[in-house]
Amino acid sequence: MTDERPAPLVEVKPDADALATAVAGELLNRIADAQAAGHVPHIGLTGGTIAEVVHKEVARMAPASGVDWGAVHFWFGDERFVPSDSPDRNAGQARAAFLDEVGATRVHEVPAADQVADAEAAAASYSEEVRAEGGGAFDVLMLGIGPDGHVASLFPGHPGLDVTDALAAAVHDSPKPPPERVTLTFEALDRAHTVWFLASGEGKAEAVARALADDGSVAETPARGVRGLTETTWFLDHDAASRL
Ligand SMILES: O=C1O[C@H](COP(=O)(O)O)[C@@H](O)[C@H](O)[C@H]1O
């Protein structure tokens, strides 16, 4: 990230449920507004614990939202390279939590381990799909942060941090299981218009503080390396914000 982008905003909610309600409501507003303006929005989804709560809240609020679910593209910031029926798959979790229920039809999944030979092939295929559909210019990209500061599946000190010639990369030996993954690279994550980080719980507090500190390295805290072109907002609950 070399250009000047707006500084991150921070929104703190009392707990995970309040956080999820705020994020789900804002997401539905952004999608509905984009559609009202004649635009088909592209939304990047994250895996992880707070994402699951947000997704269920989206499903709950969907009927009153006015969103046309056939006119939204959904993508994943990262994926676990496991068989398509594995409960570890971020896509499977998002489908179960809201995508299938609302009837989303334009869901762009990373190929699974029973569909392609290896994580490299999955990354190449996903990269191609992202490139063909706007190159990662997501209207809203939601991202989690790990307690170690990882974002998507870009882990501290891992080789994926240095990939500059692809929009998606294979990850091996991930410090967090499962070990094989596919992630969007900084090249792709940096093209999003709006980036929302979602973090809940005391276990994320130190990583959040490192990510938002005036100085520090992306190699140590990869989440420092992603900012939206027009907006970056950190949605935190009280505990995740406790070290700011
Ligand atoms: O493995 C992953 O972890 C991160 C954070 O998840 P959390 O459960 O600690 O909140 C998530 O952002 C990423 O998409 C996922 O693959």
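1. Which residue stands opposite Val182 in β8? That residue is Glu79. The structure is a predicted model, in which local features need pLDDT of at least 70 and side-chain atom pairs count only at pLDDT 80 or more, while totals for chains, interfaces and linings use all residues. Residues are numbered from 1 along each chain as its sequence is written.

2. On confidence, the protein chain has a mean pLDDT of 97, and 99% of its residues reach 70 or more; pLDDT is the predictor's confidence in each residue, from 0 to 100. For the complex, the predictor gives an ipTM of 0.96 and a pTM of 0.97.

3. Strands and helices here are DSSP runs numbered from the N terminus, with at least two residues (E) for a strand and at least four (H or I) for a helix. Strand β4 (residues 78–80) pairs with β8 in the antiparallel sense over three bridges; two strands pair if DSSP finds at least two bridges between them. Strand β7 (residues 168–171) is joined to β8 (residues 181–184) by four bridges, and these two strands run antiparallel.

4. A residue is buried if 20 or more other C-beta atoms lie within 10 Å of its own, exposed if 12 or fewer, and partly exposed in between, with C-beta atoms placed from the backbone.

5. The loop between β7 and β8 holds two further features. Pro177 and Pro178 are joined by a cis peptide bond, with omega about -5°, and Pro178 is found in this loop. Asp173 counts as exposed because 10 other C-beta atoms lie within 10 Å. Most residues other than glycine have a negative phi, and most peptide bonds are trans.

6. Ala152 also has a positive phi, near 50°, in a residue other than glycine. Ala152 lies in the loop between β6 (140–143) and β7. Ala152 counts as buried because it has 33 C-beta neighbours inside 10 Å.

7. Val110 has its place in the loop between β5 and α4. Why does Val110 count as buried? The reason is that Val110 has 28 C-beta neighbours inside 10 Å. Leaving aside neighbours within four places in sequence, Val110 is in contact with Phe76, Glu79, Ala122, Tyr126 and Val182; two residues are in contact if their C-beta atoms, placed from the backbone, lie within 7 Å. Val110 and Ser125 are 15 residues apart in sequence and 7.7 Å apart in space, C-alpha to C-alpha.

8. Helix α4 (residues 119–132) contains Glu129. Glu129 counts as partly exposed because it has 16 C-beta neighbours inside 10 Å. Glu129 and Asp239 are 110 residues apart in sequence and 37 Å apart in space, C-alpha to C-alpha.

9. An open sheet is formed by seven strands in the order β1-β10-β9-β6-β2-β3-β5, with parallel pairing. Its edge strands are β1 (9–13) and β5 (106–107), each of which pairs on one side only. Within the sheet, strand β9 (residues 194–199) and strand β10 (residues 231–237) run parallel and are joined by six bridges. Leu198 has Phe235 as its bridge partner in β10.

10. The largest nonpolar core has 70 residues, and those with the most contacts inside it are Val182, Phe197, Leu198 and Val208. Helix α1 (residues 16–36) gives the most to this core, with seven residues. Such a core is a set of buried Ala, Val, Leu, Ile, Met, Phe, Trp, Tyr and Cys residues joined through C-beta atoms within 7 Å. Leaving aside neighbours within four places in sequence, Val208 is in contact with Ile145, Ala199, Trp234, Leu236, Ala240, Ala241 and Leu244.

11. The ligand is surrounded by 13 residues, of which the closest are Thr46, Gly47, Gly48, Thr49 and Gly144; a residue is near a molecule if its C-beta atom, placed from the backbone, lies within 6 Å of it. By class, this shell has two nonpolar, nine polar and two charged residues. Ala, Val, Leu, Ile, Met, Phe, Trp, Tyr, Cys and Pro count as nonpolar, Asp, Glu, Lys and Arg as charged, and the others, Gly among them, as polar.
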